[in-house]
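This report describes a ligand site and a sheet. Please keep the sequence and the structure in view while reading.

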Amino acid sequence: MIEARIAQRGKGALREFNEAGVLAAADVHVALRLANLGGEPNADVHLATALAVRAVRSGSVCLDLTRLRDVTVDEDADGNPVVDPESLPWPHDREVLGALQRSPLVIGGDRGSLRPLRLVDTDEGPLLYLDRYFRQEQTIREVLAARGDGFPAVDDDRLAVALDELFRDQSDRTKPSPAPDRQRVAAALAATHRTTVIAGGPGTGKTHTVARILALLETMEGPGLRIGLAAPTGKAAARLQESVREQESVLPLPPGLTAMTLHRMLGWQRGRTRFRYHADNHLPYDVIVVDETSMVSLTMMCRLLEAVRPDTRLVLVGDPDQLASVDAGAVLADLIARPVSGGVNPVFTRAAARDLEAADDPDEAAFRPVEHDRLRGGIVRLSRGRRFGGEIARLAVAVRDGDGDKVVEILNSGAPEIAFHRPDDVESLRRDVVGSAQEVTAAALTGDIHAVLERFETHRLLCAHRDGPYGVQRWARQAMEWIGTSTGRRLDPERWYPGQPLLVTANDHEARIYNGDTGVVVRRDDGDLVAAFARGEQPFVLHPSQLSAVQTVYAMTIHRSQGSQYGTVSVILPDERSSLLTRELLYTAITRARSKVRIVGTEAAVRAGVERQVLRASGLRREIRV
Ligand SMILES: Nc1ncnc2c1ncn2[C@@H]1O[C@H](COP(=O)(O)OP(=O)(O)OP(=O)(O)O)[C@@H](O)[C@H]1O
């Protein structure tokens, strides 16, 4: 058996790539172990295998063999790369491909049936997979193809009437909403397809539409329709449940709908590797809605699709431009970009005719030809922002579109919703940090939980990094110092105190608090301290000692903020060379803001972030040649 220590000392190229920080010890270790088991002596295959393991570790599903050299290397304390990736001993792409084509790890060998690697030819070049991920992708492809082969039976007339009733003109409720109404199209799609994907930025009404889709299906197929609502995280599930329940009074929805995490829906079982629901034991629902799908990994999507009954309507909702899942895959973005197959459902075409044919409206864009094609695949994008200020939305769109000049222009425009500061210009940030802490503390001392939670959402300090000069640790310390100086009292995060901001770092289903939840310590009238968390109308309160995994949070990572929104968001940008600084990260940070966004960083950092895209290799977007 090869030990990690020995693997770390892998020879030749492996060693150099390891020392440069391109490969971690674990990548080398796995590659050498597979080579050993499969009887593969070829060094190019060892390197490709290690790079494939690394690819998965950094979020890709496979290794794109046409972009082998597209790697990041370790940085020194000043943010400079330790080595130039070009100086590494890269083998020739063609030689790597040839070695893989002959490799027992790919084609099987005389040491048994072990074939841990898959070499897959696609329309855009070859991909190298660890077998497990290829099989998951194949499952997704096959299930989606099977689900797209046919449509649910729907009564045209009832659908038309129900759509008219649910999507009303905001200024004259006696009339249906004007065309084009993309939300109505999304509902028509969900009613007439087995799989629907609803994409949209923050505040475009995704949850609003979900509630109407459920009401539509309840009207057409209910009562007794079995509805499953899920999201990848507990926090996102709690938000989905709240938003849907808020619509109960205005829509024909079954009361008390509950949402849960995807793990819970699939029947995660302690100590077992398999979920309770799977291909041979399907989920019992007639309709399943998954919110925040951008955070769903390839593996979870595979498990979900296996477990969904073929005739269940599945509605996947999310923002494909946000940061993708922590684990490998960017499935939502892939599903939206992949080639569309399947025919047109005439029931949908009739139901959505006026919206599909309508010209641009001042509030809503007409459907472009390419979008008509996507609709055939059950995919629709909501585009009309219903929530935040115009300039923040424009900034987010410019970032999403990779338009660095426009981003800089908007940042410097002097618009009241946007502030752009050099890294050393933090006076207004200090004022917001101190001001919001004072307001939260004042409310926390009076025991007014609603006011505390409302004020707590007025400002949030976000960082890309956890450590280092631009990281959460450093900036949380800075915030505490500012607050301490302003009050003349040093904050001690080791003890509970009124106004203390909290971040939950692990799910606790029993206590109903979830990883990523934020709350505040409040002093009640009786003098006791409680931790309060926002949960729709009714805040959730528990004794701080019941919190098993919690941190004091004066700053948090942008990753952690995903799925939440705040009044003002202040974003500390890292150095322009930071590989974490990407378009998706900037977009996610900016779209957390409801009324104001403050960027602290250099123009070079902004431009670098807008330019750098997270490219997660996957075969889902491609035509596979088998
Ligand atoms: N068609 C509509 N008519 C009136 N109000 C709407 C409409 N669609 C959405 N809204 C309102 O706009 C706001 C944002 O909608 P919603 O929360 O559904 O967006 P979202 O896309 O789910 O946002 P997020 O991604 O932040 O969760 C809500 O207050 C909602 O009630």
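In this predicted model, P202 touches D319, R387, Q565 and T591, leaving out residues up to four places away in sequence. P202 is found in the loop between strand β4 (195–200) and helix α10. With 24 other C-beta atoms within 10 Å, P202 is buried, because a residue counts as buried if 20 or more such atoms lie within that distance.

T207 is found in helix α10. Apart from neighbours within four places in sequence, T207 is in contact with L240 and S243. T207 is buried as well, with 20 other C-beta atoms within 10 Å. The table sets out the two residues.

| Residue | Location | Other C-beta atoms within 10 Å |
|---|---|---|
| P202 | loop between β4 and α10 | 24 |
| T207 | helix α10 | 20 |

What surrounds the ligand in the model? The ligand is surrounded by 14 residues, of which the closest are G205, K206, T207, H208 and R386. Helix α10 (residues 206–221) supplies three residues, the largest share of this shell. By class, the shell has 10 polar residues, three charged residues and one nonpolar residue.

The report now turns to the sheet. Strands of a sheet pair through backbone hydrogen bonds, either parallel or antiparallel. Here, five strands form an open sheet with parallel pairing, in the order β10-β19-β18-β11-β17. Its edge strands, β10 (418–421) and β17 (556–557), each pair on one side only.

Strand β18 (residues 566–572) is joined to strand β19 (residues 593–600) by six bridges, and the two run parallel. Within this pair, Y566 has A593 as its bridge partner.

Strand β11 pairs with β18 in the parallel sense over five bridges, and R460 has V569 of β18 as its bridge partner. Two bridges join β11 to β17, also in parallel; there, L462 stands opposite M556.

Is β11 enclosed or open to the outside? Five of its five residues are buried, so β11 is largely enclosed by the rest of the structure. Both of its faces are covered: H459, L461 and C463 are buried on one side, and R460 and L462 on the other. Helix α22 (residues 472–487) lies across β11 (459–463), β17 and β18, and runs at about 145° to β11.

Key
Residues are numbered from 1 along each chain as its sequence is written. This is a predicted model: local features need pLDDT of at least 70, side-chain atom pairs count only at pLDDT 80 or more; totals for chains, interfaces and linings use all residues. A residue is near a molecule or strand if its C-beta atom, placed from the backbone, lies within 6 Å of it. Helices (H or I, at least four residues) and strands (E, at least two) are DSSP runs, numbered from the N terminus. Ala, Val, Leu, Ile, Met, Phe, Trp, Tyr, Cys and Pro count as nonpolar, Asp, Glu, Lys and Arg as charged, and the others, Gly among them, as polar. Two strands pair if DSSP finds at least two bridges between them. Two residues are in contact if their C-beta atoms, placed from the backbone, lie within 7 Å. Axes are lines fitted to C-alpha atoms, for helices over the stretch in contact, and angles run from 0 to 180 degrees between N-to-C directions. A residue is buried if 20 or more other C-beta atoms lie within 10 Å of its own, exposed if 12 or fewer, and partly exposed in between; C-beta atoms are placed from the backbone.
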